[in-house]
Amino acid sequence: MIEPRSGRLARIALFAAASALPAGAQHDPPGPPPTGPVPATEAAPRALASFTVRDWLVLGPVDGRGRRPLRPDAVVRDHLLKADAKPPLAGEIVRGEVDSASWTKLEAQADGALDGERFAWAYARIEREEAGVWMANLQGANTLYVNSEPFQGDVYRYGFGGVPVYLQAGANDVYVNGVRGGFTLRFDEPPAAQFVAGWDRTLPDVAGPFAVLDVNAANEWSGTGLPPLWVAKRALDTRDYADETGSVQGFGAPFGVLAKLPDAKYVTSFVSEIDGSVQSMGVSPPTGEDLTGAGLVLSLHGAGVPVRNQLGAHSRHEDFWIFVPTNRRPYGFDWQDWGRRDAYEVLERGISLSGVSRDRLYLLGHSMGGHGTWHLAANDPDTWAAIQPSAGWCSFDTYGSRPEGELAELWQDADGASRTLDLIDNLVTIPTFVVHGDADETVPISEAHAMVEALEAAGGFPKTYYHEDGGHWWDGDASKGADCLEWSGAFELFRRTSKPRWLFDLDLNQLLSWSTIDPAVDCRHGWVGVEQFLEQGKRARVEAQRVERVSPTQSGGSKHTRVITARTENVSVLLIDDSDCPSGMEVHVLLDDEAKGFVYADRGPRWFERRSDKWHERGAPDARVEKTPARNGNFKRAFDKHFLAVVGTHGDDETDAALLGRARHDAQQWWYRGNGRFETWTDDALASKKLDPQRNRILYGNADTNAAWMSSLPADCPVLVENGRVRIGEREWKGDDLACLFTYPLAGSDECVVGAFGFSGPEGACLAATFGTFTSGAGFPDLILVDSSVLTKGDGGVLAAGWFENDWSWAGGRVERGGELVEGAEEDAR
């Protein structure tokens with residue numbers, strides 16, 4: 001019998017041998033997409049083998065869960081972190097963050113389904129006579145560990161066909177985590193070493209981009225650049241493959257597309273600027289002939305609702321275009337983070353396709369999409385002429401809640417844009433029609449009441465319709481579509497409302513009252529902008545007004561003066577854009593009741609900075625050395641701008657395997673949650689090829705194990721991760737179990753950033769499997785440093801966390817503890 005963890009090390013040795021290159025050779029990064037299906041060995045004309053696991057040990061919940069960037073995890077601590085850890089035994093007690101429980105035996109059904117009492121973890125040992133790659137099809141649970149390596153499960157039961165895993169000869173330890181009401185696990189023989197999966201394709205109804213899923217079911221790099229045991233979406237275009245009838249052959253199964261846009265509802269596609277992936281969008285064109293004054297409605301779906309279902313619930317309108325984004329998947333990101341970005345990518349394409357004026361843009365959504373409606377509007381009051389949230393919830397703090405903890409405020413500040421109630425003033429000027437069933441069993445009507453009451457208290461006048469005895473989804477005869485989705489009263493509000501022009505016409509004496517929690521999400525309201533905060537993660541607020549004063553002159557004429565006043569909270573750099581001020585008019589700017597203001601004889605945008613409790617004139621923030629709204633930090637934002645992942649290959653075999661395994665799991669999460677593309681190269685490949693500098697870069701490893709580390713980060717970066725230690729500013733921590741996640745400007749670029757997964761050793765890489773990097777509602781500031789005590793102590797295992805200063809220096813963040821002070825650490829580190 002092979003001991004479990006020695007079996008893991010044996011698997012690493014096999015991986016290293018399979019992945020090794022001839023001396024002096026390098027992995028070439030993938031070039032242009034192949035022009036056809038991935039070459040694949042012909043599948044044998046026989047039934048493919050499969051097997052299930054019947055005998056399990058299961059463990060009830062012992063650690064808290066919820067939306068936070070990191071969490072305690074007793075099972076990872078006891079059985080997956082250390083190289084000499086043993087598997088669990090029946091009756092063994094596990095003590096976690098919130099409870100204790102014991103491993104108990106449970107038998108699965110013949111099809112691999114494991115149901116019964118509520119449990120959080122399951123463990124099984126699989127014995128194999130021969131080593132090989134299998135497609136692990138896990139339905140109903142989030143994560144599968146095979147010999148300590150994490151893989152993505154089909155937790156939402158989309159019906160996907162699994163991911164490739166390597167089972168060694170002898171004993172294999174398998175763990176299942178993130179169980180959602182029971183799970184099914186089956187191992188299927190792959191049809192070939194490389195193949196195109198037919199079960200996750202992004203297909204439009206009309207000619208344009210489409211995507212297929214390539215699978216590398218081999219424990220070595222594929223000829224097309226896919227790393228071992230990899231799944232990846234590949235962008236293609238039907239116009240390169242369709243015959244004269246619009247039929248496209250291959251790629252899993254034939255499909256057809258229309259050559260021109262139909263006079264009917266349809267699904268089209270586009271290539272996302274986030275990662276180069278292909279995303280879908282639904283379109284419902286108007287039926288009217290005269291589209292002068294037509295409006296555009298962006299419709300946000302609820303959790304689990306595919307784009308075609310959302311589109312089908314809408315009727316066609318004479319005077320409205322309706323566009324339906326996907327949130328990147330039916331569950332996606334709750335219309336936050338990359339879900340919000342997806343909504344705006346679709347909005348811009350909708351405006352381009354329809355030609356609708358920007359003063360007639362409307363927003364609605366149901367359930368999760370109702371929350372998305374509140375979220376997008378509260379963080380962007382300038383765009384939307386009117387909104388209709390239906391069955392929507394306020395925020396993660398009112399619906400589902402987020403775990404409490406020592407650093408709960410920090411994590412929630414890092415996701416501050418989701419706190420809709422903190423931005424309620426921004427909604428006052430947006431005409432709003434709230435729709436909810438008064439017997440909603442999924443999202444209680446109290447969520448609607450809370451938003452309406454807060455909005456009214458702030459000075460708003462929302463309209464409401466509460467459907468008597470209405471559940472979460474209800475319909476009637478009030479509209480041609482589903483009443484709970486497109487309520488007739490809301491569409492009447494849309495028809496008579498356009499965006500007030502006082503936000504942009506500067507000759508009116510309107511008071512601007514505006515809040516923002518994150519300049520990367522919302523940095524501008526009319527003619528006022530906030531480009532840097534005094535304290536990041538906290539709300540900034542501006543009340544501003546401009547008036548024109550007329551005074552007589554000695555010559556008997558009159559002098560016109562524009563006076564701008566503003567009161568601010570938590571604003572470091574303020575923008576006032578007076579570009580359309582009449583030529584020759586003198587402008588006076590008075591900030592925060594300071595006795596001395598600023599006087600200008602010209603017009604244009606002006607920037608002011610608050611230093612030492614006083615306002616000073618300055619220029620626009622310099623993107624080379626300062627934070628700007630376009631490059632403002634928060635770790636999650638590194639996954640943007642067609643990002644490229646770069647994996648270190650300069651450690652020992654165990655370290656290199658751990659880094660590639662970490663990147664593999666992130667790539668699978670990004671694919672599963674966001675229908676995304678996670679292009680991955682080795683560090684040596686990056687060094688050998690020229691790369692577009694306007695792409696973000698995701699690094700795995702440290703300065704010793706990843707050859708791209710030092711060249712990707714500027715010389716004055718205050719963070720250095722090496723084998724056995726991490727330095728941040730003037731403090732150093734030592735150990736092999738450190739994990740440091742941070743984002744920083746990419747060397748040589750004014751726009752892009754690095755997102756670094758820095759590990760001081762393989763145990764640090766193991767910790768990252770418990771991070772909620774792609775979980776909506778889990779806030780990540782610029783930097784987080786933890787050690788393995790986080791698996792027991794949660795927030796107590798955080799050694800440093802917070803934001804870099806506005807000049808990208810480090811001043812201790814919100815949390816900095818432990819470690820040792822090292823004089824001249826920043827200079828020595830470089």
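Buried means under 20% relative accessible area, exposed over 50%, and partly exposed in between, with a 1.4 Å probe and protein chains only. At 0% relative accessibility, S284 counts as buried. The structure is a predicted model, in which local features need pLDDT of at least 70, side-chain atom pairs count only at pLDDT 80 or more, and totals for chains, interfaces and linings use all residues. Residues are numbered from 1 along each chain as its sequence is written, and side-chain values use heavy atoms, with hydrogens and water left out.

**Overall build**

- The protein has 14 helices and 46 strands. Both are DSSP runs numbered from the N terminus: helices are H or I with at least four residues, strands are E with at least two.
- The radius of gyration is 28 Å, close to the 28 Å that the globule rule gives for 830 residues, so the protein is as compact as a globular protein of that length. This radius is taken over C-alpha atoms, and the rule is 2.2 Å times the number of residues to the power 0.38.
- The C-alpha trace spans about 105 × 70 × 55 Å along its principal axes.
- Of the 830 residues, 61% are buried.
- Take the contacts (heavy atoms within 4.5 Å) between residues at least 6 apart in sequence: 71% of them join residues at least 24 apart.

**Surface and charge**

- The protein exposes about 31200 Å², and carbon and sulfur atoms supply 48% of it. Accessible areas come from the Shrake-Rupley method with a 1.4 Å probe; for residues, only the protein chains shown count as cover.
- There are 81 positive and 120 negative charges, and their mean positions are 1 Å apart. Lys and Arg count as positive, Asp and Glu as negative; His and the chain ends are not counted. Each charge is placed at NZ of Lys, CZ of Arg, CG of Asp or CD of Glu.

**Nonpolar core**

- A nonpolar core is a set of buried Ala, Val, Leu, Ile, Met, Phe, Trp, Tyr and Cys residues joined through side-chain atoms within 4.5 Å.
- The largest one has 64 residues; W121, F639, F678 and V786 have the most contacts inside it. Helix α9 (residues 653–674) gives the most to this core, with six residues.
- Beyond its neighbours within four places in sequence, V786 is in contact with residues including L70, D737, F771 and L799.

**Helix α5**

- All of α5 (residues 368–378) is buried, 11 of 11 residues, so this helix is largely enclosed by the rest of the structure.
- Cover for its buried residues includes β19 (295–300), α4 (338–354), β21 (361–366), β22 (386–390), β23 (433–437) and α7 (446–457).

**Single residues**

- S284 sits in strand β18 (residues 278–284). Not counting residues up to four places away in sequence, S284 touches K265, L311, S315, R316, F320, W321 and I322.
- Most residues other than glycine have a negative phi.
- R328 is not a glycine, yet has a positive phi of about 80°. R328 lies in the loop between β20 (320–324) and α4, and is buried at 2% relative accessible area.
- N675, also not a glycine, has a positive phi of about 50°. N675 lies in the loop between α9 and β36 (680–682), and counts as buried at 6%.
- T497 is in the loop between α8 (488–495) and β25 (511–516). At 11% relative accessibility, T497 counts as buried.
- Leaving aside neighbours within four places in sequence, T497 contacts R360, Y362, A385, A386 and P431.
- T497 and D683 are 186 residues apart along the chain, with 54 Å between their C-alpha atoms.
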